[in-house]
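Subject: Structure handover

Dear colleague,

Please find the structure below, with its sequence. My notes on it follow.

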Amino acid sequence: MKRLLIITPHLSTGGAPQVTANKVKLMCNDFEVKVVEHAFVAWKFVVQRNRIIETIGENNFLSLGENKTQELISIINDWRPDIISMEEFPEMFMSEDMADWVYRPERSYTIIETTHDSSFNPKKKKYMPDRFVFVSPYNSLKYNHLNIPYDIIEYPVDNKIQNKLEFRNKLGLEPDYKHIVIIGLFTPRKNQKYAFELCHKLSDYKIKFHFLGNQADNFADYWKPLMEWKEANPKLNNCVIWGERSYTESFLNAADLFLFPSKGDRGNKELNPIVIKEALEYQELPK
């Protein structure tokens with residue numbers, strides 16, 4: 001059985017780690033799989049990280065420490081993978097020393113590379129893989145001038161039946177209210193502020209807005225003022241902050257509406273948001 005080494009920038013909860021978690025689960029049937037986490041961000045937001053460890057076992061999961069380059073070199077030399085799957089462009093998270101060694105011409109393994117970013121400048125692409133696997137057709141258009149073979153594998157959308165009453169009971173949601181679900185890390189790009197403004201305008205109606213997603217310290221300048229506004233204003237009592245949850249599908253099941261308020265201005269666009277794909281699985285759920 002061939003050996004697959006998956007290298008990911010981080011596994012703090014989000015869309016890219018969700019793709020990696022699904023990839024690990026699928027590839028375990030055909031490969032020996034190890035996962036290397038370049039940087040461990042925080043203990044708070046580890047839903048996909050825990051799923052990956054549960055799938056492959058702790059012995060096959062490695063998180064790099066302070067001497068990242070030498071640690072990765074040792075892992076590759078000792079384990080000798082046949083394929084390395086780069087879960088993001090090395091230019092976006094690796095040091096030059098590390099990337100120079102991983103992409104050296106005399107390497108014995110195949111490198112397959114993807115990206116989950118929409119804003120990287122193609123002119124800055126220095127390290128070339130043997131093949132790209134893009135999560136969106138947009139990136140195939142953006143990088144086809146590099147003349148690297150590529151495939152497009154999008155996150156799957158499986159049809160599911162929504163069971164609104166059952167999951168409202170499980171979550172303790174009021175049956176006589178309309179429930180709107182917003183999922184995503186609290187950041188300016190995800191634009192929860194817009195949803196808060198809707199909450200304020202609709203405070204007289206039997207509507208509740210449910211916010212799922214972590215509030216990371218590096219974005220505190222964005223979400224702390226929202227929390228202070230909510231605490232000081234009774235008109236925002238219809239905002240329900242759930243934090244990070246591993247069972248987001250329960251909220252999609254219970255919802256009357258899925259709201260995706262992310263920004264789309266130039267240089268600030270989502271690439272292929274997984275949460276939209278997850279909401280699309282419930283065809284009867286308005287979006």
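I start with a single residue. Thr248 has a relative accessible area of 16% and is therefore buried (buried means under 20% relative accessible area, exposed over 50%, partly exposed in between, with a 1.4 Å probe and protein chains only). Thr248 belongs to helix H9, residues 248–254. Helices (H or I, at least four residues) and strands (E, at least two) are DSSP runs, numbered from the N terminus. Leaving aside residues up to four places away in sequence, Thr248 touches Ile183, Leu212 and Glu278, where contact means heavy atoms within 4.5 Å.

Two points on how to read the values. This is a predicted model, in which local features need pLDDT of at least 70 and side-chain atom pairs count only at pLDDT 80 or more, while totals for chains, interfaces and linings use all residues. Residues are numbered from 1 along each chain as its sequence is written, and side-chain values use heavy atoms, with hydrogens and water left out.

Overall picture

The protein has 10 helices and 11 strands. Its radius of gyration is 21 Å, close to the 19 Å that the globule rule gives for 287 residues, so the protein is as compact as a globular protein of that length. The radius is taken over C-alpha atoms, and the globule rule is 2.2 Å times the number of residues to the power 0.38. The C-alpha trace spans about 65 × 35 × 35 Å along its principal axes. Of the 287 residues, 49% count as buried. Among contacts between residues at least 6 apart in sequence, 73% join residues at least 24 apart.

Nonpolar cores

A nonpolar core is a set of buried Ala, Val, Leu, Ile, Met, Phe, Trp, Tyr and Cys residues joined through side-chain atoms within 4.5 Å. The largest has 21 residues, and those with the most contacts inside it are Leu5, Ile7, Leu72, Ile76, Met86, Met94 and Val102. At least two residues of this core come from each of strand E1 (3–8), helix H3 (68–79), E4 and H4. H3 gives the most, with 5 residues. Apart from this core lies another, of 17 residues, including Ile182, Cys199, Phe209 and Leu236. Ile76 touches Leu5, Pro81, Ile84, Trp101, Val102 and Tyr109, not counting residues up to four places away in sequence.

Aromatic rings

Rings of Phe, Tyr and Trp (its six-membered ring) pair if their centres lie within 6.5 Å; planes under 30 degrees apart count as stacked, over 60 as edge-to-face and the rest as tilted. By this rule there are 14 aromatic pairs. In one of them, the rings of Phe89 and Phe120 have centres 5.4 Å apart and planes at 70°, so the pair is edge-to-face. Phe89 lies in the loop between strand E4 (83–86) and helix H4 (96–102), and Phe120 in the loop between strand E5 (110–113) and strand E6 (131–134), so the pair ties together parts that are 31 residues apart in sequence. Both Phe89 and Phe120 are buried.

Phe186 and Phe211 form a tilted pair, 6.1 Å centre to centre with 40° between the planes. Phe186 lies in the loop between strand E8 (178–183) and helix H7 (192–201) and Phe211 in strand E9 (residues 207–212), so this pair ties together parts 25 residues apart in sequence. Phe186 counts as buried at 0% relative accessibility, and Phe211 at 1%.

Ring pairs also link Phe89, Phe120, Phe132, Phe134, Tyr143 and Tyr150 into a cluster. The charged end of Lys125 sits over the ring of Phe89, 4.6 Å from its centre. A charge sits over a ring if NZ of Lys or CZ of Arg is within 6 Å of the ring centre and within 35 degrees of the ring normal. Lys170 lies over the face of Phe167, 4.8 Å from the ring centre.

The open sheet

Four strands form an open sheet in the order E10-E9-E8-E11, with parallel pairing. Strand E10 (239–243) and strand E11 (257–258) stand at the edges with a single partner strand each, so one side of each is left without a neighbour in the sheet. Two strands pair if DSSP finds at least two bridges between them; E8 and E11 pair in the parallel sense over 2 bridges. Ile180 stands opposite Leu257 in E11.

Regards
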